[in-house]
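Biologist: I would like to learn how to read a protein model feature by feature. Could you take me through one slowly, giving the general idea and then the case at hand?

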Amino acid sequence: MLASQETKPRWERRKDARPQELLAAALNQFVERGYAGTRLEDVAKSAGVSKGTLYLYFANKEELFKAVVRENIVHPIGEAELEAAQHDGPSGALLRAILFKWWHQICATPLAGITKLMLAEGNHFPELAQFYNEEVVARGNRLIASVLVRGIERGEFHPVDPLVMTPVLVAPVLMLMMWTHAYMPDCGMPPIDPDAFMATFTEVSLRGLEVSPA
């Protein structure tokens, strides 16, 4: 019988936790230093292990970065896909929930630094850019588009083009992320209340999408 996490010796529990500790340390390094500036020895030191130990779990920096993205961004997208598949209520409520979850779980957290990293360095690392586009951007866009199609088919949304409407919904959230995390120079712009922005944005968007009841 396998020992539970509580009954395992401390050194075994520590070994089991190392991949997560390495991913957490790597996330901090990537967000702070960017992809090019992150060194595996710094990740290992931050996680309290040797560089050799890091290589037991991740072959190189590219694989480590992919693991960080899959654990912290791709996994929540998968959860949102499952929730969308199981949702039996109005499509407007589903769309609102997905947009707010995206904001609170990703854009309003240090994970926004990964988006900044890809915007700044993607052109220099085309393989990483392709990976990020396929597993994050395209998959997230497909999720939003599927909700739009659902609403149209159920007669809840106006027959908009999902391929056009999806980036219309995505762009303001990305812009709010840029403002909130000060990724632009300080030009004296007034502060923005993210929650008020998201509430207003989703309300206006749904008013334009939803078919008024007869």
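This is a predicted model: local features need pLDDT of at least 70, side-chain atom pairs count only at pLDDT 80 or more; totals for chains, interfaces and linings use all residues.

Biologist: Which residues touch the most other members in the largest nonpolar core?

Modeller: The general idea comes first: in soluble globular proteins, nonpolar side chains tend to be buried together. In this structure the largest nonpolar core has 31 residues, and those touching the most other members are F30, L64, F65, V69 and I73. At least two residues of this core come from each of α1 (10-37), α2 (40-47), α4, α6 (112-121) and α7, and the largest share, eight residues, is supplied by α4. There is also a second, separate core of 24 residues, with V147, F157, F201 and L206 among its members.

Biologist: What does V69 touch, not counting residues up to four places away in sequence?

Modeller: With those residues set aside, V69 touches V74, I114, F131, Y132 and V136.

Biologist: How should I read two helices that pass one another, and at what angle do the axes of α4 and α6 cross?

Modeller: One looks at the approach of the axes, the angle, the handedness and the residues that meet. The axes of α4 and α6 come within 11 Å and cross at roughly 135 degrees, and the two helices are therefore oblique to each other. Their crossing is left-handed, and the residues that meet there are F65, V69 and I73 from α4 and I114, L117 and M118 from α6.

Biologist: Which way does α5 run relative to α9, roughly parallel or roughly antiparallel?

Modeller: The axes of helix α5 (residues 91-107) and α9 come within 11 Å and cross at roughly 155 degrees. Because angles over 145 degrees count as roughly antiparallel, α5 is roughly antiparallel to α9. The crossing of this pair is right-handed. The residues of α5 that take part include L95, L99 and W103, and those of α9 include M198, F201 and L206.

Biologist: Is T166 buried or exposed, and with which residues is it in contact?

Modeller: T166 lies in helix α8 (residues 162-180). With a relative accessible area of 4%, T166 is buried. Leaving aside its neighbours within four places in sequence, T166 is in contact with N141, I144, A145 and L148.

Biologist: Let us turn to charged residues; how many salt bridges does the structure hold?

Modeller: In general, side chains of opposite charge can pair when their charged atoms come close. This structure holds 10 salt bridges. One of them joins R70 and E135, at 2.8 Å from N to O. Since R70 lies in helix α4 (residues 61-86) and E135 in helix α7 (residues 126-153), the pair ties together parts that are 65 residues apart in sequence. R70 is partly exposed, with a relative accessible area of 38%, and E135 is also partly exposed, at 21%.

Biologist: How far apart in helix α9 are E203 and R207?

Modeller: E203 and R207 are four residues apart in helix α9 (residues 194-209), which means that about one helical turn separates them. Their side chains meet in a salt bridge of 3.0 Å, N to O. E203 is partly exposed, with a relative accessible area of 33%, whereas R207 is exposed, at 64%.

Biologist: Which residues are linked with R39 in a network of salt bridges?

Modeller: R39 is linked with E41, D42 and K51 in such a network. Within it, R39 forms a salt bridge with D42, and the closest N and O atoms are 2.9 Å apart. R39 counts as partly exposed at 43% relative accessibility, while D42 is buried at 15%. The buried residues in α2 include D42, L40 and V43. After α2 comes G48, whose phi is positive, near 80 degrees.

Terms used
Residues are numbered from 1 along each chain as its sequence is written. Side-chain values use heavy atoms; hydrogens and water are left out. A salt bridge is a side-chain nitrogen of Lys or Arg within 4 Å of a carboxyl oxygen of Asp or Glu. Buried means under 20% relative accessible area, exposed over 50%, partly exposed in between (1.4 Å probe, protein chains only). A nonpolar core is a set of buried Ala, Val, Leu, Ile, Met, Phe, Trp, Tyr and Cys residues joined through side-chain atoms within 4.5 Å. Contact means heavy atoms within 4.5 Å. Axes are lines fitted to C-alpha atoms, for helices over the stretch in contact, and angles run from 0 to 180 degrees between N-to-C directions. Angles under 35 degrees count as roughly parallel, over 145 as roughly antiparallel, 65 to 115 as roughly perpendicular and the rest as oblique. A crossing is left-handed if the near helix is turned anticlockwise from the far one by less than a right angle, and right-handed if clockwise.
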